[in-house]
Each structure stands twice: as structure tokens, then as C-alpha cells.
2 protein chains.
Amino acid sequence: MSKYSAVIVTIGDEILIGQILDTNSQWLANNLFSEGFTIAEIISIGDIAEKLIEVLEYVNNRFDFVVFTGGLGPTNDDRTKVILNNWFGAKLVLNHDVLSDISEMHFRRHGNKNLNQRNHDQAMVPDCCTVLRNEVGTAPGMVFSKDDSKTIFAILPGVPFEMKWLYENRLKEIINSKFDLIPQTYDLFHVMGISESALAHLLEDWEEQLPDEWKPAYLPAAGIIKLRVFRPQPVTEHYKQSIDTLKNLLGEKLIAKDQDTILDTVAKLLVSNKLTIGTAESCTGGNIARVFTQKAGASDYFKGSIVSYSNEIKTNILKVDEKSIEKFGAVSQEVVEQMSAGAQKILNCDIVVSTTGIAGPTGGTEQKPVGTVWISVYFKGKFFTEKYLFGKTREINIERTTNSAIYLLYKVLKNLYKPLV
Amino acid sequence: MSKYSAVIVTIGDEILIGQILDTNSQWLANNLFSEGFTIAEIISIGDIAEKLIEVLEYVNNRFDFVVFTGGLGPTNDDRTKVILNNWFGAKLVLNHDVLSDISEMHFRRHGNKNLNQRNHDQAMVPDCCTVLRNEVGTAPGMVFSKDDSKTIFAILPGVPFEMKWLYENRLKEIINSKFDLIPQTYDLFHVMGISESALAHLLEDWEEQLPDEWKPAYLPAAGIIKLRVFRPQPVTEHYKQSIDTLKNLLGEKLIAKDQDTILDTVAKLLVSNKLTIGTAESCTGGNIARVFTQKAGASDYFKGSIVSYSNEIKTNILKVDEKSIEKFGAVSQEVVEQMSAGAQKILNCDIVVSTTGIAGPTGGTEQKPVGTVWISVYFKGKFFTEKYLFGKTREINIERTTNSAIYLLYKVLKNLYKPLV
């Protein structure tokens with residue numbers, strides 16, 4: 001438990017009506033936790049003066065550090081700066097550095113320095129704050145403190161990349177100068193092939209013996225359970241032994257660790273075995289390729305993909321037999337294996353994963369309802385093929401097919417594959 | 001402004017340390033807003049009894065409806081139920097319906113009904129609550145009220161698909177029986193090709209004349225600004241006229257409306273013009289294909305994609321001239337246009353969009369820094385090709401390339417394309 005508490009406050013009606021997903025909170029929480037804060041709560045409120053003042057009164061002198069994001073734009077619905085200015089009893093003054101930053105930004109974006117009144121207004125800042133100059137947007141960040149309060153207040157714009165830039169390039173330094181923080185982290189174990197309650201049962205005796213602060217948290221999601229254990233600083237021998245015991249208990253069910261994902265494990269296996277990979281995707285529509293290529297360095301092993309959304313592309317490019325499609329349907333073991341074999345030839349890679357299925361919401365039949373999916377991995381002349389029945393929601397079916405394909409790849413590469421029947 | 005206020009409380013240390021993105025809040029906020037609530041705040045707290053009790057005391061009799069999610073799992077770190085039980089002065093009793101639901105679920109997942117103690121414990125519920133039986137998971141939802149308070153409390157599990165299922169199949173009905181709600185909505189205008197402050201300037205006079213409750217909110221993100229205006233119920237003639245004026249002011253800059261995205265507009269243009277499309281993707285690695293195929297009904301116009309991540313696939317499948325790659329590099333106008341032309345032939349579609357670029361973090365040079373991207377649309381024998389210089393972050397570069405490619409498609413299909421020079 002850190003000696004310093006922090007609170008994150010995100011401001012915007014768009015959050016309260018569910019119009020946008022508040023990703024700033026997660027990013028800030030992750031960063032403030034790593035720096036060494038205990039985050040006491042995350043609060044989202046609308047662009048309403050009374051509410052913001054209520055929150056200011058609540059956090060003031062109760063928590064050590066409070067970060068606000070949002071409501072700093074140039075438009076009429078953004079009022080955070082004026083409200084803070086009044087609450088701190090300050091006066092808005094023109095900041096010439098900020099004005100010159102805004103002019104530069106305007107020139108880069110629009111080729112001229114003709115600022116309008118709104119641009120000018122963004123350069124007005126409360127006279128009592130430390131200004132965080134923004135090189136990637138027009139709204140500066142601000143840091144405030146009060147003589148009669150232990151709380152440090154920071155305000156950042158709500159646009160995510162501006163918020164992140166100001167945190168990393170401006171605020172982080174100030175945080176570290178004001179607080180004597182001890183960095184924190186946790187060990188994270190990704191577990192597959194067991195239910196949450198069975199896992200809790202398996203680990204019961206091990207958990208029993210642990211000190212409270214090392215008790216694991218369970219995070220289940222789409223077939224993967226993540227076990228989190230806070231790591232003591234410094235790491236003790238006792239802790240190390242406990243973790244070794246946990247790893248032994250988990251055995252083959254432990255598929256990845258910490259920030260690594262199962263995809264990282266697969267990527268490492270591909271690189272260490274000097275294997276190249278490609279995909280042939282129907283129902284996942286390129287999503288597996290996307291997941292592979294989002295990782296930096298993918299070009300070391302990922303060669304490419306044929307997204308064969310239409311049957312014509314299955315037959316013309318992947319050389320799937322037209323008669324097989326007629327006889328068995330496009331969603332069948334025969335077709336998914338021919339897709340893999342065809343893709344292996346045309347992409348000239350060592351291993352191929354293919355998908356075909358009915359993502360929904362339409363296209364299902366009694367024999368093949370929405371959610372029916374075939375996945376096949378082709379490796380060293382052998383097919384490793386499985387059939388799945390997922391649910392009715394298109395997006396979730398695409399996501400689960402992608403996860404299952406990567407898990408199948410993992411099992412094949414680790415020589416853990418056992419047919420499901 | 002609704003007469004009923006609501007608060008959303010999400011519970012879990014994983015949210016406070018930024019380990020997961022809290023998507024439940026957005027989903028609930030969106031649904032509660034549409035039902036007719038004014039969401040006063042969204043609060044996230046850890047699995048700590050004192051904090052949960054503090055929040056219970058704060059919301060009690062202050063707001064009309066409060067939804068909690070999280071902390072209902074079968075493991076030791078999930079304590080919400082017990083804390084609530086104590087706070088409401090209730091007693092945990094075995095609920096036989098819930099026990100039978102859990103047995104059924106266990107049988108479907110594991111082929112047997114051998115419940116362990118943890119499974120049994122999930123069937124214990126406070127004797128004062130209304131139980132929301134869960135058909136898609138093991139933790140039931142609960143609804144509480146207190147004699148001396150106006151607040152209705154609802155508790156749902158934190159696993160997103162269970163939370164959504166319980167809301168839609170159980171809680172929604174209860175909400176509508178307890179509150180006399182008037183559904184709410186808003187008009188949303190997607191605007192491209194203008195800066196936020198220039199847009200605010202353009203709309204200044206129009207905004208001036210509007211009643212306060214119709215004043216627009218501005219949401220900028222990656223080149224698109226979304227303008228939101230709350231729609232009065234019922235819609236008045238005055239409101240309709242104001243919206244018509246807005247549309248006239250926006251003109252060609254208005255690219256989509258409401259829940260539609262620019263991709264929906266592109267999809268409609270493809271369908272109405274009976275055009276088929278395909279992609280040839282290098283730096284986007286299948287992301288454009290994924291974005292197209294995530295939409296239900298994509299098979300009506302989307303044929304497929306060649307993800308040519310390696311140069312070998314560019315030359316072998318897309319028939320890009322090896323000499324062009326040598327002379328101009330893989331990230332060049334020549335190569336991106338040959339990719340489009342090659343893909344058009346092999347995918348046999350009417351329109352192709354191709355991308356090649358340096359997504360980063362490595363691979364940049366002085367002439368072609370990280371973030372350099374070429375996008376080309378090939379349509380009716382003509383190339384519409386643009387060069388972009390994005391930033392240094394791989395994920396954002398992939399995202400911006402995808403958005404820009406769809407915007408370029410939009411302009412070509414709407415006959416709005418003008419070369420950037």
C-alpha cells in the first residue's frame with residue numbers, strides 16, 4: 001500500500017451518457033499505480049460547474065494527488081478552466097508562451113497564423129498555476145496547489161494523445177519532484193483450459209498459506225483467466241518460492257506471463273523455431289492478421305494473409321475445390337483444411353491458420369447455427385482442425401474465433417495439441 | 001433533464017490499477033441514458049469494504065437509481081455480496097432456483113453437476129433482495145431497496161456479457177416498473193475536413209440563437225469531429241429548423257449522422273452503386289478488411305483482401321514489379337498503385353484500396369520517417385493516391401491509416417476527391 005493516494009476525475013457529458021469509452025482513466029490509473037500511488041477512486045462527471053466544485057471540495061486535502069482530464073477545448077461546452085480558476089480564486093492572464101505554441105500549431109495544421117478569438121482564449125491561464133506547455137495540441141495542462149491543503153491538482157486535456165503526451169513529457173517530472181514514490185508492479189499469470197471455480201479450488205491450499213497482501217485476484221475473460229499477485233518491493237525469497245509453487249500448480253495451464261499475451265508466446269515460438277506464418281480468413285475477415293501485425297517486429301515471421309470473404313476468392317486464389325463447397329458448404333472441415341493448404345502454397349510459409357464460420361447475425365441454419373466456426377492449423381503436412389460453437393453476437397464470435405485460433409496455434413507449436421474428441 | 005438521477009459504480013482493483021478498461025460503465029451509461037435517466041456520476045472503487053460502504057452512504061437517498069457491477073465471482077477477492085448483505089442488515093440464505101441454475105451451468109460447461117463449496121456459496125443470497133436469475137453465468141444479480149430511502153440499488157456481475165444479459169433480460173423490466181421514464185436521445189453529426197476552432201467559429205451565429213439545452217457539444221478524435229445536440233421530446237418545428245440550418249452550414253463537411261459512421265456511408269454508397277470492394281494491405285495488416293467485415297452484411301460488397309506484409313507477397317500475388325520496389329522502395333506511390341491494380345485483377349472487384357507505410361517503431365529513414373504512409377484507391381481505371389505523414393506510435397498509425405483510407409474511399413465515391421497537390 002503506497003503512502004500516497006491519488007484520484008482520477010474525467011470530465012465530459014459524453015462519458016456520462018455512454019457516448020464514448022473513457023480510456024483516459026485506465027491509462028492514467030496504470031501509470032499512477034506504476035509510479036507508486038494507491039488510486040482511491042476514479043470519478044466521471046459531466047460539464048457542470050456545481051458538480052466539479054463538489055468534487056473539488058471532496059478531494060481537497062483528502063487525497064495527495066488528483067488528476068482531472070477534459071473540458072479544456074476551445075468550444076463553449078468546455079468550462080473546466082474557468083471553473084478551476086474561480087475555485088482557486090485566481091485570475092485568467094494571457095500566457096505568451098502558450099500563445100506562441102498555439103500559433104505554431106495553427107501554422108503547422110492550417111498553413112497560417114491567423115488565430116481566432118477561441119484560439120486566443122486557450123492561451124489565457126489562471127495566474128496561480130504551473131503551465132504544462134502542449135506541443136501536440138492547443139490546450140495547455142495546468143498544475144495547482146493550495147497553501148492550506150496537501151493536495152496537488154493537475155488538469156490535462158481530454159483528447160487521449162494530448163493527455164498522454166502532457167503526462168509523459170511534463171507532468172511525470174513534476175509528480176516525481178513532489179512525491180517520494182516507490183514504483184509498484186504485479187505478477188500476472190494467464191491461465192487457459194480450466195474454469196474459474198476449479199482454478200480457485202486447485203489453488204486453495206496455496207492461497208491459504210499466503211500473507212494477505214499476496215492473495216491472488218482472478219480476472220476471467222473469454223476463456224482466459226488472469227491471476228494477479230502484487231509483487232513486494234524488494235522481492236523476498238519467500239515470495240519467489242510462493243510464485244514457483246504457483247507455477248508448478250498451474251503447469252501446462254499457464255500460457256503466458258505479465259504483459260505478455262499468448263500471442264507473444266506464439267511469436268517467440270515462431271521466431272525461435274525460425275518459422276513463418278500466414279492466415280487464410282473467412283469469418284474473421286483479417287482480424288487474425290491484424291492482431292499479428294499490430295505487434296512491432298511482426299515482419300520477422302508474419303508473411304501475409306488471404307482474406308477470402310467470398311467463395312470466389314476461396315476457389316480462385318486458395319484453390320478450394322468448388323465441389324467441396326457445394327457438397328459440404330463453405331463452413332466445413334473440408335473447406336477450412338483446403339483453405340490452409342492453398343494458403344500455404346501461395347503465401348509460401350511454414351504454418352497457416354484458417355477460419356471459416358457463420359459470424360451472424362444472419363446466415364445460420366439448423367445444422368449450422370450462427371456461431372458455428374471451423375479453425376484449422378496446417379503445419380508440417382498435418383492439419384489440426386477443430387469445430388466450435390460460439391454465440392449469437394457477431395463481434396464476440398469474431399473475437400472468440402481469433403482467440404481460439406491463437407490458442408490452437410499455441411498448442412500445435414508447443415506440441416500440446418490433443419484432438420477434442 | 002430527466003427527473004430521475006442514476007449513478008453507476010464499478011468495483012474492482014483491476015480497474016483502479018488500470019489493468020482493465022472499464023467498458024461496463026459506458027454500456028450501462030448509454031443504456032440508462034436512453035431509458036431516461038440523468039447519470040449524475042460514474043464511480044470506480046476497489047474491492048475494499050470501507051470504500052463500498054462509504055459509497056453506499058453517499059448515494060443512499062441522494063440518487064434515484066444506483067447500479068453496482070463487479071465483485072460477485074466465486075473467488076476470495078470478490079466480496080461485494082457479503083458487504084451489501086451486511087449493510088442492508090440482511091441474512092444470506094440458500095436460493096434453490098439459483099442453485100439449480102448453477103448446477104445446469106456447471107453441467108453444460110463441464111459435463112457433470114459436482115459443485116464445489118464455491119459454487120454452492122454463489123447460491124447464497126441476501127434474504128431481503130429480489131434475485132435476478134442468471135442464465136449465462138453463475139453469479140445472480142440482485143435488486144435492493146430500503147424503507148427509509150428513495151434509492152433503488154441494483155447489483156450485477158462484472159463479466160461484461162453476463163452484466164449485459166442480466167440488464168436486458170431481468171433488470172430493464174424492473175427499472176421500467178419502478179420509474180416513469182421518458183426515453184432520451186441525441187442527434188450526432190460527424191464532421192471532417194475542418195478544425196475544431198474553425199468549426200466553432202463557423203457555427204457561432206447559429207449557436208448564439210439556440211436555447212441552452214440545444215447547444216452542441218464538440219467531440220474531436222483523429223480528424224473527425226462529432227457534434228452532439230440533445231433532441232427534445234417531442235421534436236418541435238423550431239428544433240427541426242435549427243437542425244436544417246446546421247446541415248446547410250456543414251454542407252460537404254457532414255460525412256455521417258447519428259450511430260452511422262463514415263464506413264456506413266461508404267457501405268451504402270457501394271450497395272446503391274452495386275460495387276464490390278477489396279483491399280491490399282501492407283502497413284494496416286488486415287485492419288481495413290477487419291473494419292469492413294465487422295459490419296453485418298459485408299458479404300454484399302466486400303470480396304476479400306490480400307495482406308501483403310512481405311515484399312514476396314507483393315510481387316508473387318499482387319504482381320508488383322520487383323524493380324519498382326528496388327528503385328522506389330516498398331513505401332512509395334509506384335508500389336501502392338501497383339498493389340491496387342494487382343489486387344483489382346486477382347480479387348476481381350470494382351474498387352480497391354491499398355496501403356503501404358512505415359508503422360514503426362523501427363524501419364524509418366531520413367527520407368521516409370516512421371509514420372510515412374501511402375494510400376491508393378483504384379476505381380474505374382483511375383488511381384486516387386495520397387501520401388500522409390502520421391506520428392511515431394505504431395497502433396495510432398495503423399488506426400489513422402485505416403480512417404484516412406475510408407475517408408479517401410468516401411471522397412472518391414462521392415466525387416468529392418481533390419488532389420492534395
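Analyst: This is a predicted model. Of the 421 residues of chain A, 44% count as buried.

User: What makes a residue of chain A count as buried?

Analyst: The cut-off is a count of neighbours: a residue is buried if 20 or more other C-beta atoms lie within 10 Å of its own. In chain A, 44% of the 421 residues count as buried by this test.

User: How do you know how confident the predictor is in chain A?

Analyst: The score is pLDDT, which runs from 0 to 100. Chain A averages 92, and 98% of its residues score at least 70. For the complex, the predictor gives an ipTM of 0.80 and a pTM of 0.81.

User: Why are the two copies described as related by a two-fold rotation axis?

Analyst: Chain B is superposed on chain A by a rotation of 180° with 0.1 Å of shift along the axis, at an RMSD of 0.2 Å. The two copies are therefore related as by a two-fold rotation axis. The same surface serves both copies, since 99% of the contact residues of chain B recur in chain A.

User: How many residues of chain B are in contact with chain A, and what makes a contact?

Analyst: Two residues are in contact if their C-beta atoms lie within 7 Å. By that test, 76 residues of chain B are in contact with 76 residues of chain A. On the side of chain B that touches chain A, 33 residues are nonpolar, 27 polar and 16 charged.

User: Why are strand β2 of chain A and strand β2 of chain B called paired?

Analyst: Pairing needs at least two bridges between the strands. Here there are 3 bridges, in the antiparallel sense, between residues 38-45 of chain A and residues 38-45 of chain B. The two strands therefore count as a pair. Within β2(B), Ser44(B) stands opposite Ile42(A).

User: Which residues touch the most other members of the largest nonpolar core?

Analyst: They are Val352(A), Leu409(A), Val352(B) and Leu409(B), in a core of 120 residues. Leaving aside residues up to four places away in sequence, Val352(A) touches Gly278(A), Thr279(A), Ala280(A), Ser340(A), Ala343(A), Gln344(A), Leu347(A) and Tyr378(A). Another core, of 99 residues, lies apart from the largest one; Leu28(A), Phe33(A), Phe33(B) and Ala123(B) are among its members.

User: What does the secondary structure of chain A come to?

Analyst: Chain A has 16 helices and 17 strands. Its C-alpha trace spans about 80 × 60 × 40 Å along the principal axes.

Conventions. Residues are numbered from 1 along each chain as its sequence is written. Chains are lettered from A and ligands numbered from 1 in the order in which they are written. This is a predicted model: local features need pLDDT of at least 70, side-chain atom pairs count only at pLDDT 80 or more; totals for chains, interfaces and linings use all residues. Copies are superposed by least squares on the C-alpha atoms of residues with pLDDT of at least 70 in both. Ala, Val, Leu, Ile, Met, Phe, Trp, Tyr, Cys and Pro count as nonpolar, Asp, Glu, Lys and Arg as charged, and the others, Gly among them, as polar. Helices (H or I, at least four residues) and strands (E, at least two) are DSSP runs, numbered from the N terminus. A nonpolar core is a set of buried Ala, Val, Leu, Ile, Met, Phe, Trp, Tyr and Cys residues joined through C-beta atoms within 7 Å. A residue is buried if 20 or more other C-beta atoms lie within 10 Å of its own, exposed if 12 or fewer, and partly exposed in between; C-beta atoms are placed from the backbone.
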